[in-house]
Amino acid sequence: MHLNGSAPLLPPTRRRTVGVVIAAVLLLVGSLLLASPDRAGAAADPLISRGKPATASSSEGSGLGPQNAFDGDPATRWASAEGKDPQWIRVDLGATADVTRVELRWEAAYAKAYRIEISADGTTWTRLANETAGDGGTDDWPALSGKGRYLRVYGTVRGTTYGYSLHEAEVYGTLDGTPPQTGAFTVVAAGDIAAQCTASDSDCAHPRTAALAQKLNPKFYLTMGDNQYDDARIADYRAYYDKTWGAFKDKTHPVPGNHETYDPAGTLAGYKAYFGAVAYPQGKSYYSFDEGNWHFIALDSNSFDKSAQIDWLKADLAKNSKACIAAYWHHPLYSSGGHGNDPVSRPVWKILYQAKADLVLNGHDHHYERFAPQSPDGKATADGITEIVGGMGGAEPYPIENVQPNSQKRISGEYGVLKLDFTDSGYSWSYVGTDGKAKDASPKYTCH
């Protein structure tokens, strides 16, 4: 086993030794750590691969994608196609990293021979470790030294007649070369909000989500449509939405949903009358604005079939000078809820994907769901768009019906809001329930 093809490497830890041998090894390691503080520090290098975008040479099925090996869940796994060599799995660490350790936890379908490799550009690879007699279980490589943004496990000989399968692949080290985390700000977002009820009704949820949203005190608020039920009339906006989420209307950047089109007074009539210039800052039902190093695009998915909005979107992106891009609208391209996938959004996804957009927020289905970065065609990819469905702002919950590929987490039945944390170079979020507790937390993503 060789480091970068020259220096010898320690063999992977096998946990096979017993009795006196274990005691002797532990005594020796302890004395080395006491004698060398630098070694102790190296052992504590942080995990830097959790939740990062992953790709693979193949996947056995939609529920066995490469992201499963980096999600921190021992119950999930990546599995390659069966009976074929070689196969590989790769993670994008998001920035250049000094990698010091890799731990692999194999499923029954393990690699008898494989390489651990690192790359600066995802094209040219340098070997960090080489296994020729693997026997499955856990392989811990604790003494690596390599620098790069991408790390892959490249299997050359299967240990079984099946494929390769990893429950977890953990990469440890330190990230460098990233810009200072300045210009940080927080945003609260939700869709599908004001049912026709008030705080006097104990089952009414939007007063509770509004109280939570206000307590979080973000820089501003986003709504992802269906702000007011059932027909979004101006009278209903004033009777329900205004009594709760209306408390911070001047800090809200809304978009309309399909219920805003049901108004007998005309499509979006009550929506426009209530929000006014807040919803039409550029004279249209779609608009954009900047905050920090982020460009936010608010779209009206009721009219994605109209060329005027598509042309505007292309022109808006062409003028953008910010490094990070987030867009939000009502109808999700991908959803595991009752409405399911809505292809009306695919042309917009393609435009955003070409512009290297980072994040899309949607509502419509009344649940919370997050997806791994993916392409407009639903393929997991490191340069993909991260989508969140956040339709738990107050309307009656919908059940999860058909789990989509690349869906990483789903919650239905618990009302709450998205708390999104942005920096100049990345973002993360948590889904916070009305009890104030985080029900899910995302990985930290770096902008494309």
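The model is predicted: local features require pLDDT of at least 70 and side-chain atom pairs count only at pLDDT 80 or more, whereas totals for chains, interfaces and linings use all residues. Residues are numbered from 1 along each chain as its sequence is written, and side-chain values use heavy atoms, with hydrogens and water left out.

## Overall composition

The protein chain contains seven helices and 24 strands. Helices (H or I, at least four residues) and strands (E, at least two) are DSSP runs, numbered from the N terminus. Of the 448 residues in the protein chain, 52% are buried. Here buried means under 20% relative accessible area, exposed means over 50%, and partly exposed lies in between (1.4 Å probe, protein chains only). The accessible surface of the protein chain is about 18700 Å², and carbon and sulfur atoms contribute 52% of it. These areas come from the Shrake-Rupley method with a 1.4 Å probe; for residues, only the protein chains shown count as cover. Among contacts in the protein chain with a separation of 6 or more, 73% are between residues 24 or more positions apart; contact means heavy atoms within 4.5 Å.

## The seven-stranded sheet

An open sheet of seven strands has the order β14-β15-β16-β17-β19-β18-β20, with mixed pairing. Its edge strands, β14 (287–291) and β20 (407–411), each pair on one side only. From one strand to the next, the twist averages 15°. Two strands are taken to pair if DSSP finds at least two bridges between them.

Strands β15 (residues 294–298) and β16 (residues 324–328) run parallel and are joined by five bridges. Within this pairing, Ala298 stands opposite Tyr328 in β16.

Strand β18 (residues 368–371) has antiparallel partners on both sides: three bridges join β18 to β19 (residues 386–390), and four bridges join β18 to β20.

Helix α6 (residues 307–319) lies across β14, β15 and β16 and runs at about 175° to β15. Axes are lines fitted to C-alpha atoms, for helices over the stretch in contact, and angles run from 0 to 180 degrees between N-to-C directions.

In helix α7 (residues 346–354), the buried residues are Val348, Trp349, Ile351 and Leu352. Viewed down the axis of α7, these residues fall within an arc of 165°, so they line one face of the helix. The arc is that of the directions from the helix axis to the C-beta atoms. An α-helix has 3.6 residues a turn, so residues three or four places apart point the same way. The cover over the buried residues of α7 includes β15, α6, β16, β17 (359–362) and β19. After α7 comes Lys356, whose phi is positive, near 65°.

The loop between β16 and α7 contains His331. This residue is buried, with a relative accessible area of 9%. Apart from its neighbours within four places in sequence, His331 is in contact with Asn258, Ser301, Asn302, Asp342, Val344, Ser345, Asn362 and His364.

## Salt bridges

A salt bridge is a side-chain nitrogen of Lys or Arg within 4 Å of a carboxyl oxygen of Asp or Glu. By this rule there are 18 salt bridges.

| Pair | N to O distance |
|---|---|
| Glu107 and Arg77 | 3.6 Å |
| Arg233 and Asp231 | 3.5 Å |
| Arg370 and Asp440 | 2.6 Å |

Glu107 lies in the loop between β5 (87–106) and β6 (111–119), and Arg77 in the loop between β3 (54–56) and β4 (78–79), 30 residues apart. Glu107 is partly exposed, with a relative accessible area of 22%, and Arg77 is partly exposed at 22%.

Arg233 is partly exposed at 38% relative accessibility, and Asp231 is partly exposed at 25%.

The salt bridge between Arg370 and Asp440 links strand β18 to strand β23 (residues 438–441), the two residues being 70 residues apart. Both Arg370 and Asp440 are buried.

A network of salt bridges links Arg50, Arg101, Glu103, Arg105, Asp140 and Glu170.
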